[in-house]
Amino acid sequence: MKILSIETSCDDTAITIMKTKGCIKNASFKILAHVANSQIAIHISYGGVFPMLAKREHIKNLPILLEQVLEEANLNKKKFSKSRAFLNSQSQALNPGIDLIAVTYGPGLEPSLWSGIVFAKELAEKWNIPLIPVNHMEGHIVSVFGKSKGNFTIPKIEFPLLSLLVSGGHTELVLSKNFLEYKIIGQTLDDAAGEAYDKVARMMDLPYPGGPEISKLAEELRGKENEKPILSGSLSGVATPALPLGSSACETPIKNCFSFSLPRPMLHSKNFDFSFSGLKTAVLYLIRNLKKENPNILQDEKVKQAIALEFENAVVETLIYKTLKAKEKYKIKTIIVAGGVSCNEHLQKEMKRILKKEVTLLFPEKKLTGDNSIMIGMAGYLQFIKNKKKVPKISSIKANGNLRLK
Ligand code: KG4
Ligand code: ZN
């Protein structure tokens with residue numbers, strides 16, 4: 001069947017058309033066309049996503065992207081109207097050959113979600129086809145099986161499966177004993193990992209989104225092991241701890257021109273929850289103290305690199321430590337790391353170094369780490385067949401900004 005999928009949960013507008021077949025165990029996908037529009041340039045001056053502006057942009061871009069995706073998939077109306085299918089099916093005269101629409105209905109920014117949902121409802125009604133609402137986080141989980149081009153299938157997965165979902169809005173550890181069944185076993189109590197990256201970036205006068213900027217700065221310094229520290233500051237008094245799992249430890253902090261210590265929040269709490277707002281505040285105080293000595297300190301690239309490096313080490317160590325703890329408790333066989341932060345170079349490297357030999361470790365293709373409509377089409381198809389093609393009434397589908405996996 002042909003699925004058209006729509007993603008508008010935050011600041012990316014994206015539409016994909018894919019061909020799908022098979023049941024859950026051997027589902028296969030072929031990307032026919034994929035188009036997307038990022039709103040980063042529009043939100044950059046606000047230092048983050050401005051929801052009403054995002055909604056306006058989605059509404060403006062969706063019809064344009066629809067034309068493009070149909071054209072790219074060779075399904076545009078003019079060509080289709082001459083075809084035999086058109087002659088045979090007057091009632092679906094406007095349907096260019098799509099069998100199912102999948103749309104993100106949460107979690108995310110509700111104004112953004114609604115723009116995709118309203119658009120999808122209109123199309124589904126006009127084309128007289130079912131509409132399936134998709135959980136964005138389930139999309140991120142299945143994104144590890146996807147490709148941005150061509151054909152792919154869902155491989156055999158060994159359970160229990162643990163998903164570490166790290167994005168701008170979420171940081172969650174999700175346990176699955178079976179495919180498409182979820183139990184959230186840990187989550188952030190305040191800021192998401194990506195949100196902490198974005199906020200720390202803003203403190204350092206770096207543009208939105210902050211994740212790639214901080215990561216780039218940190219990478220510039222990581223590996224320069226032999227330089228001697230010429231200044232050191234410790235805000236929290238907490239020395240950078242080695243990861244407390246013996247040989248699984250992250251590299252000890254490298255010597256660099258500047259060296260700072262930041263806390264690893266909730267590392268020793270008994271649960272699998274995270275907290276990043278204390279770490280973010282520690283960076284705020286660190287910068288404030290440094291600025292007391294020298295108001296222009298952030299103009300020094302080396303200072304920014306050192307803050308970025310220590311901040312990233314703190315985030316990555318915390319994420320990995322909690323993941324390892326959950327892996328041991330639940331005897332996990334497969335680990336998925338997905339969401340915008342999953343493309344982080346240090347996180348990927350450390351995860352692979354520590355976990356590759358112990359579990360099957362899966363990351364999405366780089367282009368599928370951030371928000372995209374390919375993962376929404378995949379999750380939509382898998383839910384459609386799991387529910388034996390039953391879908392909710394179109395009029396009952398609503399945006400749910402706080403939707404949770406279950
Ligand atoms: O999944 P995503 O595209 O959108 C949400 O659903 O939130 O994730 C976006 C987040 C942003 O906070 C962004 O700063 C972060 O992912 N991010 C990164 C990197 N690339 C994007 N964080 C750390 N390192 C990166 N390389
Ligand atoms: Zn996302």
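Author: Of the 406 residues in the chain, 55% count as buried, where buried means under 20% relative accessible area, exposed means over 50% and partly exposed lies in between (1.4 Å probe, protein chains only). This is a predicted model, in which local features need pLDDT of at least 70 and side-chain atom pairs count only at pLDDT 80 or more, while totals for chains, interfaces and linings use all residues. Residues are numbered from 1 along each chain as its sequence is written, chains are lettered from A and ligands numbered from 1 in the order in which they are written, and side-chain values use heavy atoms, with hydrogens and water left out.

Reader: What is the mean pLDDT of the chain?

Author: The pLDDT is the predictor's confidence in each residue, from 0 to 100. In this chain 88% of the residues reach 70 or more, and the mean pLDDT is 89. Over residues 225–256, however, the pLDDT is below 50, although this stretch has 71 contacts in the model beyond near neighbours in sequence, a contact being heavy atoms within 4.5 Å.

Reader: How many helices and strands does the chain have?

Author: Helices (H or I, at least four residues) and strands (E, at least two) are DSSP runs, numbered from the N terminus. By that count, the secondary structure of the chain comes to twelve helices and 13 strands.

Reader: Why is strand 12 described as largely enclosed by the rest of the structure?

Author: In a regular strand the side chains alternate between the two faces of the sheet. In strand 12, Thr334, Ile336 and Ala338 on one side are buried, and so are Ile335 and Val337 on the other, which leaves both faces covered. Strand 12 (residues 334–338) is therefore largely enclosed, because the number of its five residues that are buried is five.

Reader: Which helix makes a β-α-β unit with strand 12 and strand 13?

Author: A crossover is right-handed if, with the strands pointing away from the viewer, the path from the first strand over the helix to the second runs clockwise. The buried residues of the helix in question include His346, Leu347 and Met351, and what covers its buried residues includes strand 7, helix 10 (301–330) and strand 12. The unit is right-handed, and its helix, at residues 345–355, is helix 11.

Reader: Is serine 167 buried or exposed?

Author: An unreviewed UniProt entry places the feature "binding site" at several positions, including Ser167, Gly169 and Asn344; such positions are given in the numbering used here, feature names are shortened, and annotations may be inferred rather than shown by experiment. Serine 167 sits in the loop between strand 7 and strand 8 (171–176), and among the residues that it touches, not counting those up to four places away in sequence, are Met137, Glu195 and Gly340. With a relative accessibility of 9%, serine 167 is buried.

Reader: Which residue's side chain makes a polar contact with the side chain of asparagine 344?

Author: A polar contact is a pair of N or O atoms within 3.5 Å; within protein, one must be able to donate a hydrogen and the other to accept it, and residues adjacent in sequence count only if both atoms are side-chain atoms. Asparagine 344 lies in the loop between strand 12 and helix 11 and, at 6% relative accessibility, counts as buried. At the start of helix 11, a side-chain oxygen of asparagine 344 comes within 3.1 Å of the backbone nitrogen of histidine 346. The side-chain partner, at 3.3 Å, is tyrosine 197.

**A loop residue and a cis bond**

Reader: What is the distance from the side chain of asparagine 372 to the backbone nitrogen of methionine 375?

Author: Asparagine 372 is in the loop between strand 13 and helix 12 (374–386), and it is buried, with a relative accessible area of 3%. Its side chain reaches the backbone oxygen of glycine 370 at 2.9 Å. For the backbone nitrogen of methionine 375, the distance is 2.8 Å.

Reader: Which residue is joined to proline 160 by a cis peptide bond?

Author: Proline 160 lies in the loop between strand 6 (151–153) and strand 7. The cis bond has an omega of about 0 degrees, and the residue that it joins to proline 160 is phenylalanine 159.
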